[in-house]
Amino acid sequence: MVSAIFHSPRGDAAPPQGAIATAAANDATHSAPATAHSSTAGPMPTAPSRLRQRLAALAQTVLPPIMGLALLVGLWSLVSGSTGQAIPRPLDTWQQAVEVFSDPFYRNGPNDQGVGWNVLASLQRVGLGFGLAALVGIPLGFVIGRFRFLSRMCNPLISLLRPVSPLAWLPIGLLVFKGANPAAIWTIFICSIWPMVINTAVGVQRVPQDYMNVARVLNLSEWKIATTILFPSVLPYLLTGVRLAVGTAWLVIVAAEMLTGGVGIGFWVWDEWNNLNVKNIIIAIFVIGIVGLLLEWALVKLASAFTFEEVKA
C-alpha cells in the first residue's frame, strides 16, 4: 500500500505580520458594537435610587398599620368625648395600662391577682381542653374520613351538635364534674373538637384515589396507610382545623370564666366591671386580642415549617 501525505506549500509557513495586525483590527471592530450594546442595556441603580426604593418598600409595609392604629385611636377619642368620658380616653387608658403591667404577677388574695396570673390560668385551661380535643378529634376525623359507613353514621350527630353554642354545654359540665374549673375545660373541649374532626375527615376524603390504589396493590396495613399516605396528605387540613379550634377555644374561655369565676382573664373582666373600672376592661380587651394574635401567629409558624403550599397560603 502506498500512502501519501499532501502538504500545502504554505501550510507550515508563519502568517505574515500584516495579517496578524489586520485580524486584530477586525476583532476590535467586531467587539466594539457588543461593548457599546452592553453599556446601553440599562443604567445601574445608584445608591440614592436604591435608598429611595427601600424607603418606599418600608413605607408600604409600616405605614398602613400605623394609619389603622391612628384611625382606631381617633375613633376612640371621638366616642370618649361624645359619651362625656364614660369611655376612658386613650391617654388615660395608656397610663392605667402602664400601672397594671408594672406588676402583672402580684397576689393579694384568691380574687385579687395580677393580669399575668389571670392570663396564665386561662391559657392553662385552653391548653388542657384543646389537648384533650386533639387527642380525641384528630383520630376520630381519620376514622370518619377513612370508612364510609362511619362517616354516614357520624355525620348526622356532628351536624346536630356542632351548631350548639359552647356555653350551652357549661351547665352539663357543672352538673357532671361538680366544679367550675373542670366545667370550663369541658366547655373548651366540646367547642374545640368539631373543627378538628371535620377538617381532618375532609382531608382524608380528598386524598387522591390513586394513592389508595397503590396501597391496595402493595397490601399495606391500615397503620401504614395512615402514617405514610394519609397523614402527609391530610396535614394541611389538620393544621387548619387546629388553628380554627384554638381561636374558638380562646373566644369561649373568656365567656366561660365570666360565668364560673375563679382566676382567669374572663373573670378579671367581670370583676373589673363589678368594680366599675372601665379602664381595666379596655386593657383586658387588648390583652385578649394580643394573646389570641400570638396564638394564631405561633400556629401559622408551625404550619409554615412544613413545605405545603396550601398551608403557607
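Predicted model: local features only at pLDDT ≥ 70, side-chain atom pairs only at ≥ 80, totals over all residues.
Let's start with Asn219. You'll find Asn219 in the loop that runs between helix 8, residues 209-217, and helix 9, residues 222-260. What is the phi of this residue? Asn219 has a positive phi, about 60°, although it is not a glycine. And is Asn219 buried or exposed? Its relative accessible area is 66%, so Asn219 counts as exposed, the cut-off being over 50%.

Now please move along the chain to Leu276. Leu276 lies in the loop between helix 10, which covers 265-274, and helix 11, which covers 278-304. Here, too, is a residue other than glycine with a positive phi, and for Leu276 the value is near 55°. Leu276 has a relative accessible area of 64%, so Leu276 is exposed.

For the last stop, let's turn to a glycine. Gly116 sits in helix 4, which is made up of residues 115-146. Is Gly116 buried or exposed? Gly116 counts as buried, because its relative accessibility is 11% and buried means under 20%.

So who are the neighbours? Leaving aside residues up to four places away in sequence, Gly116 touches Pro104 and Phe105. Take Phe105: in sequence, Phe105 and Gly116 are eleven residues apart, while in space their C-alpha atoms are 5.3 Å apart.

Notes: Residues numbered from 1 in each chain as written. Heavy atoms only, no water. Helix = DSSP H or I, 4+ residues; strand = E, 2+ residues; numbered from the N terminus. Buried < 20%, exposed > 50% of the residue type's maximum accessible area, 1.4 Å probe, protein only. Contact = heavy atoms within 4.5 Å.
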